[in-house]
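Work through the exercises below with the sequence and the model open. Each task is followed by a solution in steps.

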Amino acid sequence: MMKKMIGLPTQEGYDFIDSRKIVRCEAEGAYTCIHFTDRKKYIVSKNLKEFEVILDPTQFCRVHHSHLVNLEFVIKYYKGKGGVIELEDGVQIEVSVRKKNDFLDKYTLQKK
């Protein structure tokens, strides 16, 4: 599989990273905290919507106002009003009621 590189702005310039190593992106006001498979985190001065636009929509899904997740790392979905997903690193994230159907549609398409 081909690498899908994106450039993350830093004080020195840009760090180019493989987007497949992103587990999730979490909104922090006007910033986004990006969590990686090696448990490193980047805080970037771009909002979550910008990452939703540049990251592959077949690989990433906005499950909540403040969370964009990589479907490759979702291991469980717990039913509920919106539900909760669990990622490989043990983190649990609430799925908003408005995003539930989109998540379930994307996830089931992803795993076919």
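This is a predicted model: local features need pLDDT of at least 70, side-chain atom pairs count only at pLDDT 80 or more; totals for chains, interfaces and linings use all residues.

**Exercise 1. Find which parts of the chain the salt bridge between lysine 4 and aspartate 56 ties together.**

Solution. 
- Step 1: confirm the pair. The closest N and O atoms of lysine 4 and aspartate 56 are 2.8 Å apart, and a salt bridge requires such atoms within 4 Å.
- Step 2: Lysine 4 sits in the segment before strand 1, and aspartate 56 sits in the loop between helix 1 and strand 6 (60–64), so the bridge ties together parts 52 residues apart in sequence.
- Step 3: classify lysine 4, which is partly exposed because its relative accessibility is 31%.
- Step 4: note the total of six salt bridges in the structure.

**Exercise 2. Describe the salt bridge between glutamate 52 and arginine 62, and state which network holds both residues.**

Solution. 
- Step 1: take the distance, 2.7 Å between the closest N and O atoms of glutamate 52 and arginine 62.
- Step 2: locate the partners. Glutamate 52 belongs to helix 1 and arginine 62 to strand 6, ten residues apart, and the pair links distant parts of the chain.
- Step 3: classify them. Glutamate 52 is partly exposed at 26% relative accessibility, whereas arginine 62 is buried at 12%.
- Step 4: follow shared partners, which join Lys49, Glu52 and Arg62 into one network of salt bridges.

**Exercise 3. Is each partner in the bridge between arginine 24 and glutamate 26 buried or partly exposed?**

Solution. 
- Step 1: the closest N and O atoms of arginine 24 and glutamate 26 are 3.1 Å apart, and the two form a salt bridge.
- Step 2: arginine 24 has a relative accessible area of 9%, so this residue is buried.
- Step 3: glutamate 26 has 23% relative accessibility and is therefore partly exposed.

**Exercise 4. Describe the largest nonpolar core and the place of phenylalanine 51 in it.**

Solution. 
- Step 1: the core has 14 residues, and those touching the most other members are Leu8, Ile22, Ile34, Phe51 and Leu55.
- Step 2: at least two core residues come from each of strand 1 (5–9), strand 3 (22–28), strand 4 (31–36), strand 5 (41–44) and helix 1 (48–54).
- Step 3: leaving out residues up to four places away in sequence, phenylalanine 51 touches Ile6, Leu8, Thr32, Ile34, Val44, Lys46 and Leu68.

**Exercise 5. Which residues form a nonpolar patch on the surface?**

Solution. 
- Step 1: the patch consists of Met5, Tyr14 and Phe16, with about 380 Å² of accessible area together.
- Step 2: methionine 5 is part of strand 1 and, at 43% relative accessibility, is partly exposed.

Technical notes:
Residues are numbered from 1 along each chain as its sequence is written. Side-chain values use heavy atoms; hydrogens and water are left out. A nonpolar core is a set of buried Ala, Val, Leu, Ile, Met, Phe, Trp, Tyr and Cys residues joined through side-chain atoms within 4.5 Å. Buried means under 20% relative accessible area, exposed over 50%, partly exposed in between (1.4 Å probe, protein chains only). Helices (H or I, at least four residues) and strands (E, at least two) are DSSP runs, numbered from the N terminus. Contact means heavy atoms within 4.5 Å. Patches are made of residues with over 30% relative accessible area and no salt bridge: like charges are joined within 9 Å, nonpolar side chains (Val, Leu, Ile, Met, Phe, Trp, Tyr) within 5 Å. Accessible areas come from the Shrake-Rupley method with a 1.4 Å probe; for residues, only the protein chains shown count as cover. A salt bridge is a side-chain nitrogen of Lys or Arg within 4 Å of a carboxyl oxygen of Asp or Glu.
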